[in-house]
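Colleague: I have a model open and would like to learn how to read it. Could you walk me through it, one feature at a time?

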Amino acid sequence: MFPQKSDREIGVEEKKMVSEGGEEQCVTLELLRKKMADFAKEREWGQYHSPRNLLLALVGEVGELSEIFQWKGEVPKGLPDWKEEEKVHLGEELSDVLLYLIQLSDVCGINLAQAALRKVRLNAAKYPVGPGKGRLSLSHGGGSGGELDDHSDKEVDEIV
């Protein structure tokens, strides 16, 4: 697994994320990972949390998330025409996807936060800002769109 914070550090972090109004302000992937690990441990669910099972559960939750948008057509940013209960339901399904993804990364020993940051850096190198900035293009010149695909791990590490 990846380096984890102590229960004391998590407790301090948890206190910092609650504002005067009781709303959460800052939640880390590490805090969510710890909460989900504790949740599963308390229920003795770890025996069922193999990478395969978590992946299948994640796919199921993505399906439930997709159902919310299935018949709505294009939806404007901010969901201005949605009822509050629809937004709450969307938040619940998005949370299910996130939490299963965090659990899957945890049981696979992947530090999801670090992997995501690395991927952002790779994408920045793969898709530099250029003349096509702000313009929709369905083609990347006939290739896969990525010059990094054929680079060695050493070259990729130098980029990121």
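Predicted model: local features only at pLDDT ≥ 70, side-chain atom pairs only at ≥ 80, totals over all residues.

**Reading the model, feature by feature**

Colleague: Where is Leu-79 found, and what is its phi?

Modeller: Leu-79 lies in the loop between H3 and H4. Its phi is near 50 degrees, a positive value in a residue other than glycine.

Colleague: Which residue just after H2 also takes a positive phi?

Modeller: That is Glu-44, with a phi of about 55 degrees. Glu-44 sits in the loop between H2 and H3.

Colleague: Is Glu-44 buried or exposed?

Modeller: Its relative accessibility is 60%, and over 50% counts as exposed, so Glu-44 is exposed.

Colleague: Let me step back to the overall fold. How many helices and strands does the protein chain have?

Modeller: The protein chain has 6 helices and 0 strands, and along the sequence the pattern reads α-α-α-α-α-α. Of its 160 residues, 21% count as buried. The chain exposes about 12,100 Å², with carbon and sulfur atoms supplying 55% of that area.

Colleague: And how should I read the contacts by sequence separation?

Modeller: Take the contacts between residues at least 6 apart in sequence: 60% of them join residues at least 24 apart.

Colleague: How do I check the length of a helix?

Modeller: Compare the expected span with the distance between the end C-alpha atoms. For H3, residues 51-69, the 19 residues should span 27 Å at 1.5 Å a residue, and the end C-alpha atoms are 28 Å apart, which agrees. For H5, residues 112-126, the 15 residues should span 21 Å, and the ends are 20 Å apart, so this agrees too. Helix H2, residues 29-42, reaches 20 Å from its first C-alpha to its last, close to the 20 Å expected.

Colleague: Which residues of H3 are buried?

Modeller: They are Leu-54, Leu-58, Glu-61, Leu-65 and Ile-68. Viewed down the axis of H3, these buried residues fall within an arc of 65 degrees, so they line one face of the helix. The face turned away from that buried side carries the exposed residues Arg-52, Val-59 and Glu-67.

Colleague: What covers the buried residues of H3?

Modeller: The cover includes helix H4, residues 84-107.

Colleague: Which residues make up the largest nonpolar core?

Modeller: It has 9 residues: Leu-54, Leu-58, Leu-65, Ile-68, Leu-79, Trp-82, Leu-90, Val-97 and Leu-104. H3 and H4 are the elements that give two or more residues to this core, and H3 supplies the largest share, 4 residues. Our opening residue, Leu-79, is one of the members.

Colleague: What does Trp-82 touch, beyond residues up to four places away in sequence?

Modeller: Trp-82 touches Ile-68, Phe-69, Lys-72, Val-75, Lys-87 and Leu-90.

Colleague: Is Ser-105 buried or exposed?

Modeller: Ser-105 is buried, with a relative accessible area of 8%. Ser-105 has its place in helix H4, and leaving aside residues up to four places away in sequence, Ser-105 touches Ile-110 and Leu-112.

Methods. Residues numbered from 1 in each chain as written. Heavy atoms only, no water. Expected span 1.5 Å × (residues − 1). Buried < 20%, exposed > 50% of the residue type's maximum accessible area, 1.4 Å probe, protein only. Arc of directions from axis to C-beta. Contact = heavy atoms within 4.5 Å. Core = buried A, V, L, I, M, F, W, Y, C linked by side-chain atoms within 4.5 Å. Areas by Shrake-Rupley, 256 points an atom, 1.4 Å probe, with all protein chains shown as cover.
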